[in-house]
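Please look at the model below first.

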Amino acid sequence: MQHSTEDAHPSNGLPILRFDNVSKIYQTDGDPVVALNRVSLDASGGEFIALMGRSGCGKSTLLNLAGAMDVPTDGTVFLDGSVTSQLDDSGLTSLRRSSVGFVFQSFQLFQNLSAVENVEIPLLLSGGGDARSRAAARLARVEMAGLEDRLPHQLSGGQMQRVAIARALVHSPKMVLADEPTGNLDSTTGDIVIQLLRGIASEGVLVMMATHSLESTGLCDRVIRMRDGRIES
Amino acid sequence: MRRIFHRLILRPLKEEPLRTALTVLAVALGVAVVLAIDLAGDAAAGSFRSSMETMTGDADLEVTAVGGVPETVVARIATLPHAIRIRARLEDYATLAATNDTVPLIGIDMVANALENIENAPADEALREGDTLWASEGLKLRAGDTVNVQVQDAVRSVRIGGVFPQQGRVLVADILLAQKLLRREGKVDRILIWTPEDRPLEQWESLIAGVLPDGSTVAPQGARTRENQRMLQAFRWNLRVLSYIALVVGAFLIYNTISVSVVRRRPEIGILRALGAARGAILAGFLLEAAVFGFAGGLLGVLLGRVMAEGAVRLVGATVESLYVSSQPAPVQLTPGSIGIAILIGVTVSLLSALSPAREAASVRPVEAMARGRVDYLARVRFGRGLLAAAILATLAALASQAAPVAGKPLGGYAAAVLLIAAAALAIPALVAAANFLLTPLLRRLGGVEPMLAMRSLAASMRRTSVLVAALTTATAMMVSVGIMVGSFRQTVLIWMDGQLQADLYLRPAGSASADRFPTLAPDLAERLALLPEIRLVDRFRAYPISYNGMPATLAGGETAKVSQDGRPTLLAGDRREVIRRLPTCDCVIVSEPFANKHNVRVGDRITLSFGSFEVLGIYYDYASERGYIIMDRATMLKYLPDPASSNLALWVRPGVDLDSAQRAVERAARGSNVAVFPNQSLRREAIKIFDRTFAITYALEAVAVVVAVMGIAGALLALVIDRRHEFGLLRFLGASTGQVRRVILSEAALLGLFSTGAGTILGVALSWILVFVINKQSFGWTIQFHWPAAALLGGLAVVYVATLLSGLYPAQIAARLNPIEVVHEE
């Protein structure tokens with residue numbers, strides 16, 4: 001896959017994400033459940049980080065806090081220079097628009113939109129111009145040229161995940177968060193997706209991936225193991 | 001089976017109480033409207049019968065005559081050598097001055113009644129002394145009260161001699177007093193006859209006919225009631241059909257609710273089928289869901305219908321009074337039968353609406369259960385077939401609209417309307433698909449991503465969208481079509497009044513008007529007014545309620561020569577010069593269009609009245625009453641009906657005389673008579689006020705249908721938010737603000753409103769054509785010129801559109817409040 005130099009992110013090598021003693025406690029039926037417990041970490045542009053651990057260990061919660069989808073109960077999350085807990089809903093939305101891209105296990109494509117329309121959604125939501133051509137270009141970069149007008153149900157699982165990755169990158173975020181991106185794919189297609197994510201990190205984007213699969217972590221710069229809401233190593 | 005029903009049907013319904021409640025309410029409103037119109041129709045149509053039939057007892061025959069039966073006829077029948085019993089009556093109206101209520105005034109022979117104790121009649125011989133009336137309990141007067149009553153154009157103070165036990169509102173006078181009050185000395189209105197059973201009624205009828213003078217007729221008692229009921233049939237029938245529209249809209253919404261249930265529970269259906277559930281069990285489960293909606297809606301509909309009937313009876317009563325016959329609304333009677341029928345209607349409509357989606361649920365194969373998107377996709381690509389079917393139905397509608405009426409009912413017109421609604425429903429998927437293709441780029445450019453997403457979502461859920469649009473389209477089309485019909489009718493009446501109402505002042509006895517009440521003015525009043533220096537011309541007009549061919553009609557006489565120069569009336573058929581030349585001198589008449597249509601009368605035909613035969617010289621446009629008019633010259637009328645009193649007068653003011661001063665002069669001259677004097681313009685205003693009141697019931701029915709449809713949209717948008725919650729959560733992950741999520745839902749509401757008002761307007765215009773030129777023409781016989789009530793239509797459409805938008809507010813709020821983390825990860 002070709003990556004042009006213009007995609008190289010200016011934040012390459014600089015810290016984009018910092019967790020400082022972050023805890024997240026949910027109330028379930030009135031009982032507190034600690035999802036994250038005093039987690040601290042730093043992550044910079046260009047890094048490809050794997051989050052590993054069993055189900056319920058806190059990986060998804062960490063990704064949600066990192067992606068400004070939620071704010072910590074305690075501690076501080078710094079994202080691209082902002083403290084997320086100091087932002088209101090519209091501030092968090094702006095931060096997501098500018099700095100974060102998401103990739104999901106079950107692709108989460110809009111079934112009624114074509115591939116290219118799915119990809120241009122983040123641009124349209126933030127009011128960006130030239131959305132169609134930028135989305136088409138991004139699709140081409142994940143080797144989906146010629147399939148722009150297909151609806152999701154006309155694509156294979158691997159193709160759908162490529163569309164999802166193109167969508168996560170179309171607005172040039174500083175960080176891509178991938179939650180089990182290979183969970184619904186066969187191993188060959190899964191490997192291709194991991195290579196794609198590796199390539200994205202090489203362009204200076206921070207890629208943080210939650211996964212169960214040890215094989216998926218082969219191309220990662222760093223593996224963070226989690227257990228019971230804490231970082232083990 | 002019970003567990004399947006509980007898990008698959010009841011539990012999901014409980015989880016969405018608001019949507020469930022909206023669906024039940026939609027059915028309830030549909031049922032309520034049908035019930036309310038039925039109850040109101042019974043109450044309004046039944047009341048004239050109950051009031052005029054006071055103290056008639058169970059007579060066998062009745063003798064009547066236009067202008068009254070000579071009193072001598074009573075003696076002639078009484079002296080027949082047979083054991084027959086007779087009672088003479090006078091029947092008219094009196095207005096209670098204090099409340100301005102017009103109630104039947106019945107004159108009976110008090111002495112004879114007292115002797116025979118008929119029907120609890122007042123038996124006080126003292127009644128014959130002085131001006132004493134008896135009041136029914138319903139009037140809430142007390143014995144000994146003194147009240148002012150207006151009879152004809154005179155107000156006088158009368159004593160209430162007693163109160164008799166009857167709930168209706170009736171005044172009773174001794175026949176002598178009644179004759180004096182009504183200025184009908186020597187006349188009675190009806191002679192009731194009881195015959196022995198020793199020979200058939202027909203023989204008695206011909207025996208009595210043999211002793212009657214020209215002009216008097218004998219018929220089985222109650223003929224007038226039956227005539228009135230026959231006359232009201234078309235009105236009640238059309239009103240009933242109109243009331244079904246809300247039910248049709250409700251049916252669309254039941255269909256949608258069950259369809260949503262089926263699509264949403266497809267995986268569960270598949271699993272159940274895989275576990276061995278029979279197709280019949282699945283079918284029964286969903287039909288049972290519809291039956292639950294129908295039963296609950298029916299029950300609630302009974303309660304709502306009872307409440308709505310109170311309002312409806314006033315509106316229906318006003319229409320009956322204006323167009324047909326004097327009416328006092330009777331109490332609304334909710335019988336166990338009508339309750340049962342209402343619930344049955346709710347359950348039946350729900351079951352029929354649910355049949356198709358329930359059958360689809362039963363046909364789900366276990367392996368198909370997971371592919372939710374495919375169903376909608378298949379629905380989307382079939383729109384071409386729907387378009388073809390729509391074209392076929394529209395062609396059939398055009399053919400049906402040409403059919404002749406069946407037994408006086410415009411069945412072809414109704415069929416055409418139903419076919420057009422069905423054609424529209426079938427064409428709607430194509431409309432949405434076309435809008436998706438054409439509008440999406442535009443929406444994206446003009447409105448941004450939210451309307452684009454909304455449009456795509458509507459197009460993707462084609463079945464759901466189509467049903468919702470069809471429901472609101474039907475309601476909107478009804479509003480548009482009835483709006484155009486009423487607007488056209490109104491404009492036609494305005495133009496007609498321009499030609500018809502040429503005089504400067506009009507005068508009639510004060511009190512409320514009705515299509516069958518023609519109180520008279522003092523006979524010398526016209527002469528007194530003609531002598532006024534301010535007045536150039538007086539046209540005397542006299543009307544009588546009559547029966548023609550078993551239907552009520554109005555016979556009237558006017559002064560042709562006096563008014564001919566003013567261009568009245570506008571003829572539909574016949575030569576105007578010939579009419580003006582011959583009408584004053586021959587036994588000739590002109591008839592109104594409703595009369596001609598109702599009795600199939602043409603120019604040159606002869607019509608036979610009880611006192612003579614008359615040639616029809618012309619047919620004229622008339623919108624004053626649906627009863628139908630026969631007009632003859634005053635001279636001809638006086639030849640057969642020599643009562644010179646007028647029902648109303650038209651006055652022309654001399655050139656140069658100020659209208660106000662002329663009116664004051666007329667009022668001064670009429671002092672002593674309680675008359676209402678209307679300048680031309682205020683009479684027109686009054687006529688239009690009555691017209692608007694007449695059609696108030698149709699506006700009320702439209703409003704309910706629109707409310708039902710908008711409720712359906714609200715319910716469907718709520719369902720949509722629940723079904724697509726992960727999409728809204730995903731949008732938040734992709735950078736959408738809560739406001740943008742809200743705008744997606746509101747855009748969907750806006751687009752649904754746009755499609756519905758657009759399609760509704762087109763369908764409405766087509767339906768209005770059928771209403772104006774087929775249904776109205778065949779039911780009522782009026783020629784209506786087509787007009788566009790643009791302002792009213794735009795106003796109505798704007799209200800529907802805004803209501804649709806508002807219906808999206810709550811669902812939009814729900815969507816904006818969704819927790820994106822929860823909804824995205826719950827899959």
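In chain B, helix α23 (residues 696-723) packs with helix α25 (residues 738-780) at an angle of about 140°, and their axes are 11 Å apart. The model is a predicted one. Angles over 145 degrees would count as roughly antiparallel, so at this angle α23(B) is oblique to α25(B). The crossing of α23(B) and α25(B) is right-handed.

On the α23(B) side, the contact is made by Ile713(B), Leu717(B) and Val721(B). Helix α25(B) contributes Ile745(B), Glu748(B), Ala749(B) and Leu752(B). By class, the residues of this contact are 6 nonpolar, no polar and 1 charged.

## Helix α23 against helix α27

Helix α23(B) also packs with helix α27 (residues 809-817) of chain B, here at an angle of about 10° with the axes 8 Å apart. Because of that angle, α23(B) is roughly parallel to α27(B).

From α23(B), the residues in contact are Ala714(B), Leu717(B), Leu718(B) and Val721(B). Those from α27(B) are Tyr810(B), Pro811(B), Ile814(B) and Ala815(B). The contact of α23(B) with α27(B) holds 8 nonpolar residues, no polar and no charged.

## Contact between chains B and A

Chain B gives 21 residues to the contact and chain A gives 22 residues. On the side of chain B that touches chain A, the elements with two or more residues are α14 (449-460), α24 (725-733), α25 and α28 (820-825) of chain B.

The largest share of that side, 5 residues, comes from α14(B). Sorted by class, the side of chain B that touches chain A has 10 nonpolar, 8 polar and 3 charged residues.

Note on methods
Residues are numbered from 1 along each chain as its sequence is written. Chains are lettered from A and ligands numbered from 1 in the order in which they are written. This is a predicted model: local features need pLDDT of at least 70, side-chain atom pairs count only at pLDDT 80 or more; totals for chains, interfaces and linings use all residues. Axes are lines fitted to C-alpha atoms, for helices over the stretch in contact, and angles run from 0 to 180 degrees between N-to-C directions. Helices (H or I, at least four residues) and strands (E, at least two) are DSSP runs, numbered from the N terminus. Angles under 35 degrees count as roughly parallel, over 145 as roughly antiparallel, 65 to 115 as roughly perpendicular and the rest as oblique. A crossing is left-handed if the near helix is turned anticlockwise from the far one by less than a right angle, and right-handed if clockwise. Two residues are in contact if their C-beta atoms, placed from the backbone, lie within 7 Å. Ala, Val, Leu, Ile, Met, Phe, Trp, Tyr, Cys and Pro count as nonpolar, Asp, Glu, Lys and Arg as charged, and the others, Gly among them, as polar.
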